[in-house]
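I am opening a notebook on a structure that is new to me. I will go through the chains, then the places where their parts meet.

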Amino acid sequence: MIAALAAFTALTTIPALGGVEIDLESIARNWSNGAQRVGMLLTPDWSILPRTWEPMYQTLSMAMVGTVISAALAIPLSLWAARPTNPNGLTRRAVRFSLNVVRAIPDLVYATILVAMVGVGTLPGVITLVLFDIGIVVKLVSESIDSADSSYMEAGRAAGGTQTQINKVTALPQSWPVMASQILYSLELNVRISAILGIVGAGGIGRLIDEVRGFYRYDALSAIIIEILVVVLIIEVISNGLRKRLR
Amino acid sequence: MPERTTHAEAEGTQPSASVAWPIELDAVTVRYPNGVVALRDVSLSIAAGEMVSVVGLSGSGKSTMIRTINGLVPATTGTVTVGPHVVSKLRGRALRELRGNVGMIFQGFNLADRASVYQNVLVGRFAHTPTWKSMLGMASSGDREIVLRALDSVGMLEKVWGRAGALSGGQKQRIAIARALSQQPEVMLADEPVASLDPPTAHSVMSDLARVNTERGLTVLVNLHLMDLARQYTTRMIGLRAGEVVYDGPASTATDADFEAIYGRPIQSRDRLGK
């Protein structure tokens, strides 16, 4: 197995075979450039911080709004994408196929296209997050419904229930802990992603990152990166706490 | 020994089912899509209000037979008649209405473990509730009342807001009985209702079923593989072997030889539950 992996890696990096070129020498050649940047990154310029509050607030709002909208859409879609909660093969496959397509497109591609479509700002950012979240939440939740015990479905059918009634009254509370957990996870991911989306014009702290990077202010950049790290950690701690209460 | 609370006084206030329904199977054969023939040319007539056990080893077709009665398994040929309905002719809404009149309990209880006891029993009101009302979570006060009474009649009222998964096996089966009772059914089906329970709990669940028959007058059909339970709790016994009826007669006087004919082998100790 390891030998096969090593052989595969070796083959794909031989340029003669059309592989990708990995030029290790360039690290040594450009070392002085890198060292200077690293030096600036190691001395964060905290004076940038007051300018970050507004875009950081924007980033967090985008993450939050994106999570709420995507959750509202992902809950019914998850039930339609799982076999026990949607025995109709045709609609189930249609939902799954559409979501595979949605998931296949990278978030930055969505953001770039949406900025061109609806203009610069937080709106394309929020739409990007919603599309990204739906893709992962529906996949993970519907797979967990598929693999969970669904014998209660038979009782609902035996009592003369429609699939919608069974889903609402039993399947939804049954899969709620998984759904809530995945929705919280998507909130964590959103904070991270929305920090980047500004680089392509989709609002938030990313716009500022792009600006200071353009001016080679790596010391300010480093302060912003540390700020994002702290925010992400706080969100993670909160969502871990909430998730524990779901069990 | 799990608690065995009966609320006789509450029982009297429970609205009883209108009239029990008779069940008639006429030359019913069930062939599954994979070619397995689970039921061969079975003809039976069960009168309204009878307490019938269906005895057979696993694979004898008793689960299939009980499911033809509420249409969970369609009869390949032959007709199943339940009360005024011919089951095989029903589709969609009409089939759901029939199912609303036929309560069913299962070996594995079939509860949504993470949902509350209340939500699980509310399932019994599905056939009487428009889908949009269920969607909005609007149970009528009448439905609420029926659910609480059904829980009270099996002595589980105090668990109504707890999670179904937190209960013991015997308690779960009682919730499942309450779910079936809240349908206010004419017929009660039970598919191996005590096979996952310990002997004392099994006896208390069987007597709950017997009370459903005597006090509410429902037609009760219960699948069992244990001979002593069939003899003790039911009046009529139907023996199934390899999808065919091999015995049909009184349960209490069925001899060991009758059971050997149903099982197709000598009686073993595991064919009895004991006390």
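Predicted model: local features only at pLDDT ≥ 70, side-chain atom pairs only at ≥ 80, totals over all residues.

**Entry 1: the sheet in chain B**

Strand β1 (residues 23-31) of chain B and strand β4 (residues 77-82) of chain B run antiparallel and are joined by five bridges. I looked up individual partners along this pair. Thr29(B) has Thr77(B) as its bridge partner in β4(B). Leu25(B) stands opposite Val80(B), which also belongs to β4(B).

Next I asked what β1(B) does with β2(B). The two run antiparallel, and six bridges join them. Ile23(B) has its bridge partner, Ile46(B), in β2(B). β1(B) and β2(B) make a hairpin with five residues between the strands. In that hairpin I noted Gly35(B), which takes a positive phi near 95 degrees.

The open sheet has four strands, β2-β1-β4-β5 in chain B, and the pairing is antiparallel. Which strands are at the edges? They are β2 (37-46) and β5 (85-86) of chain B, each of which pairs on one side only.

**Entry 2: chain B as a whole**

I counted the elements of chain B next. The secondary structure comes to 10 helices and 10 strands. For the extent, I found that the C-alpha atoms of chain B fill a box of roughly 50 × 45 × 35 Å along the principal axes. I compared the radius of gyration with that of a compact globule: 275 residues would give a value near 19 Å, and chain B has 18 Å, which agrees.

**Entry 3: the domains of chain B**

The domain assignment gives chain B a domain 1 made of 19-101 + 186-267 and a domain 2 of 111-184. Their C-alpha centres lie 24 Å apart. I looked up the contact between them: domain 1 of chain B gives 12 residues and domain 2 of chain B gives 10 residues. On the domain 1 side, α3 (92-100) and α8 of chain B each supply at least two residues. By class, that side of domain 1 of chain B has four nonpolar, four polar and four charged residues.

**Entry 4: two helices of chain B**

Helix α7 (residues 169-181) of chain B packs with helix α8 (residues 199-216) of chain B at an angle of about 10 degrees, and the axes are 10 Å apart. That angle makes α7(B) roughly parallel to α8(B).

I listed the residues that meet. From α7(B) they are Gly169(B), Gly170(B), Gln173(B), Arg174(B) and Ile177(B). From α8(B) they are Thr201(B), Ser204(B), Val205(B) and Asp208(B). I sorted this contact by class and got two nonpolar, five polar and two charged residues.

**Entry 5: chain A**

I turned to chain A and counted again. Chain A has 11 helices and zero strands. Is chain A compact or spread out? The radius of gyration is 23 Å, well over the 18 Å that the globule rule gives for 247 residues, so chain A is more spread out than a compact globule. The C-alpha trace of chain A spans about 75 × 50 × 40 Å along its principal axes.

I also looked up the domains. Chain A is divided into domain 1 (2-40) and domain 2 (49-246). The centres of these two domains of chain A, taken over C-alpha atoms, are separated by 34 Å.

**Entry 6: two helices of chain A**

I picked out helix α4 (residues 49-81) of chain A and helix α5 (residues 89-104) of chain A. Their axes come within 8 Å and cross at roughly 125 degrees. That makes α4(A) oblique to α5(A).

At this contact, Leu77(A), Trp80(A) and Ala81(A) come from α4(A). They meet Thr91(A), Arg92(A), Val95(A), Arg96(A) and Leu99(A) from α5(A). The classes here are five nonpolar, one polar and two charged.

**Entry 7: where the chains meet**

My last search was for the contact between the two chains. How many residues of chain A are in contact with chain B? I found 20 residues of chain A in contact with 26 residues of chain B. On the chain A side, the elements that give two or more residues are α8 (152-158) and α9 (163-197) of chain A. The largest share of that side, nine residues, comes from α9(A). I sorted the chain A side by class too: eight nonpolar, nine polar and three charged residues.

Note on methods: Residues numbered from 1 in each chain as written. Chains lettered and ligands numbered in written order. Domains from an automatic or database assignment. Pairing = 2+ DSSP bridges. Contact = placed C-beta atoms within 7 Å. Nonpolar A, V, L, I, M, F, W, Y, C, P; charged D, E, K, R; others polar. Axes fitted to C-alpha atoms, helices over the stretch in contact; angles between N-to-C directions. Parallel < 35°, antiparallel > 145°, perpendicular 65-115°, else oblique. Rg over C-alpha atoms; globule rule 2.2 N^0.38 Å.
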